[in-house]
Amino acid sequence: MKTPGIQTADAVDRNAGRRDRLLGFGEHSVSKSYYPELKRRLDELERFRSLLEQTGEAIFLVDGRTGRITDTAGAAGTILRQDRETLLGRPFAELLPLEAVEHLHGLFSGDFAAGRLETVLTRPGGKGTTPPVEMTFRMAKGEDGPIAVIVARDVSERKKSELALRRAEEKYRGIVENAAEGIFQSSLDGRLISANPAVATILGYASPREMMRRVKSIIDQTVAHEDDRRRIRTELERYNQVKNLEVQLVTKSGDLIWGLINARCIRDAAGEAERFDGSLQDVSIRKQAEQTLLRYHDELERRVAERTAELTRANERLTHEVTIRKRAEEAADAANRAKSEFLSMVSHEIRTPLTSVMGFAVIIEKRLDQLFSRLLGDDPRQRRQAEQIMENLGIIVSEGERLKHLINDVLDLAKLEAGKMAFRHERVDPAEVVRHVMSASEGLLAAASRKVALKTSIQGRLPEVIGDRDRLIQVLVNLVSNALKFTEQGSVTCRAKAEDGYVVIDVADTGIGIPEADQHKVFEKFNQIGATLTNKPKGTGLGLAICKHIVESHGGRISYVSRFGSGSTFTFALPIA
């Protein structure tokens with residue numbers, strides 16, 4: 001298939017051979033020197049036609065009388081997707097839409113000798129239409145009559161560019177018209193050329209048209225102060241721009257507002273100043289906020305200065321108080337050391353004669369019992385006196401025992417508080433400690449003839465702990481004896497289990513419980529639980545305080561829950577070894 005509008009190499013060779021034979025240069029020519037000038041001119045025409053074939057424009061020659069195509073050149077075949085032979089002799093009007101045909105008729109009828117039209121060409125054979133083209137019409141005189149020279153140029157790329165430009169302009173215009181920032185253009189003498197609605201709104205006008213009608217100079221009529229007007233002109237003249245200049249502006253109503261102005265000089269291709277492009281923002285709210293902030297800043301600095309002075313005075317007072325407190329603490333430490341040393345010394349001094357007194361009291365009790373049994377007869381008066389003496393001796397022995405326990409507790413507490421009590425650090429089986437204490441408590445319970453059940457519950461095999469076995473026994477004995485002391489009937493239960501890295505031991509009773517008003521004083525020194533109750537064994541009030549010190553010295557913790565009238569549960573936990 002032939003490429004439309006382009007001659008093949010064979011056709012070119014055949015045309016050249018035919019021309020040479022006519023001119024007398026071929027093998028069968030009549031004369032070798034026939035018409036040399038004609039050959040030269042034909043060569044020029046061939047070169048000219050070759051150049052026309054290379055152009056991107058479609059060229060049509062149309063008979064002015066018949067309206068048919070007599071010749072084509074350039075990109076005619078490419079645009080219409082037809083070869084030259086198919087186009088020759090076809091009415092050119094068939095290639096045009098109706099509105100373009102009217103222009104063609106006007107050209108042929110002599111209404112005008114030339115014209116220009118943007119349209120499309122219809123491709124023969126129902127192959128659609130060409131891209132947009134710009135056609136020029138011109139009538140010329142040919143040897144056989146008038147001939148129309150029609151040139152069609154593909155303008156689709158230009159159309160795309162124009163469309164893109166139009167859309168860009170519309171987009172820019174939409175941005176400018178809807179911008180919150182005022183945008184304007186002015187002449188070199190300050191006359192407004194254009195402005196968006198935001199400029200008019202900022203300056204208090206109903207529309208840009210009204211503002212442009214009333215404002216003859218954007219600088220002289222809107223900038224409030226002469227110094228600012230002079231500065232704007234100086235910067236535009238010297239630097240061709242004004243950047244972020246805050247000035248006071250006058251609105252239509254005469255009010256003053258703060259505005260932020262930016263402007264630059266626009267020059268033409270020759271470098272001559274042409275106009276000014278500028279922008280305007282209303283920054284009155286920001287300026288008011290800045291002024292308010294400055295007032296707050298000044299107020300804050302004043303308050304900070306006052307507060308700093310107050311803090312300085314308070315710091316001086318605090319330093320003085322700290323010094324006094326430090327001296328007091330030092331005095332308290334010295335007094336505490338003196339107290340501990342005094343208690344230790346006095347306890348030792350008291351315990352020695354007390355031991356002798358108790359020993360002799362026990363001996364006297366035994367001897368008098370033996371003596372009275374031999375000497376006393378049936379005299380009731382003498383027997384009453386003897387019984388009274390024996391009761392008094394029993395009280396002496398009982399109170400001596402209580403005093404001995406008090407002295408031992410005081411010594412233990414003094415050592416614990418001073419950090420001087422030595423603990424053995426060895427592996428201890430907590431289950432063995434529980435069984436030992438509960439077994440000893442059963443003997444005490446049997447001697448007391450109480451109707452209380454003593455229970456033991458050990459869950460699984462308990463891991464060992466590191467500590468002083470005797471002191472841990474002391475803790476558990478104290479808790480169990482307290483539970484028995486205040487439980488008339490029911491049970492006292494000791495439970496032990498391993499939980500979250502600790503061995504947890506509970507001592508729960510069904511006794512009288514602890515009144516809520518006294519619960520905060522349970523671990524205080526010399527606080528006797530149930531001190532207001534009658535017929536209760538007297539204690540020192542130091543047992544639970546000592547238990548707390550021992551447990552915490554082993555890295556454990558001790559706590560309790562109690563409800564008055566329903567019993568108490570004391571719990572201590574020791575870390576697993």
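1. Let me begin with the whole chain. Residues 24 or more positions apart account for 52% of the contacts in the protein chain that have a separation of 6 or more; contact means heavy atoms within 4.5 Å. The protein chain has 577 residues, and 34% of them are buried, that is, under 20% relative accessible area, with exposed over 50% and partly exposed in between (1.4 Å probe, protein chains only). There are 14 helices and 17 strands in the protein chain; these are DSSP runs (helices H or I, at least four residues; strands E, at least two), numbered from the N terminus.

2. A word on reading the values. This is a predicted model, in which local features need pLDDT of at least 70 and side-chain atom pairs count only at pLDDT 80 or more, while totals for chains, interfaces and linings use all residues. Residues are numbered from 1 along each chain as its sequence is written, and side-chain values use heavy atoms, with hydrogens and water left out.

3. Five strands in the order β2-β1-β5-β4-β3 make an open sheet with antiparallel pairing; two strands pair if DSSP finds at least two bridges between them. At its edges are β2 (69–74) and β3 (114–119), each pairing on one side only. From one strand to the next, the twist averages 20°; axes are lines fitted to C-alpha atoms, for helices over the stretch in contact, and angles run from 0 to 180 degrees between N-to-C directions.

4. Which strands does helix α5 touch? Helix α5 (residues 98–108) packs on this sheet against β1 (58–63), β3, β4 and β5 (145–154), and its direction makes about 20° with that of β4.

5. The pairings of β4 can be followed residue by residue. β3 and β4 (residues 133–142) are antiparallel over six bridges, and glutamate 118 has glutamate 134 in β4 as its bridge partner. On β4 and β5, the antiparallel pairing covers ten bridges, with glycine 142 opposite glycine 145 in β5. A hairpin of two residues joins β4 to β5.

6. Another open sheet has five strands in the order β7-β6-β10-β9-β8, again with antiparallel pairing. Because β7 (192–195) and β8 (241–250) stand at the edges with a single partner strand each, one side of each is left without a neighbour in the sheet. Neighbouring strands here are turned by 25° against each other on average, direction ignored.

7. Within that sheet, β9 (residues 256–267) and β10 (residues 273–282) pair in the antiparallel sense over nine bridges, and leucine 260 stands opposite glutamine 281 in β10. Helix α9 (residues 226–239) lies across β8, β9 and β10 and runs at about 165° to β8.

8. Finally, please look at aspartate 509, in strand β15 (residues 502–509). Aspartate 509 is buried yet has no salt bridge, and the nearest side chain of opposite charge, arginine 495, is 10 Å away. A salt bridge here is a side-chain nitrogen of Lys or Arg within 4 Å of a carboxyl oxygen of Asp or Glu. The side chain of aspartate 509 does reach the backbone nitrogen of glycine 511, at 2.9 Å. Leaving aside neighbours within four places in sequence, the contacts of aspartate 509 include Ala483, Thr487 and Ser568.

How values were computed:
Lys and Arg count as positive and Asp and Glu as negative; His and the chain ends are not counted. A polar contact is a pair of N or O atoms within 3.5 Å; within protein, one must be able to donate a hydrogen and the other to accept it, and residues adjacent in sequence count only if both atoms are side-chain atoms.
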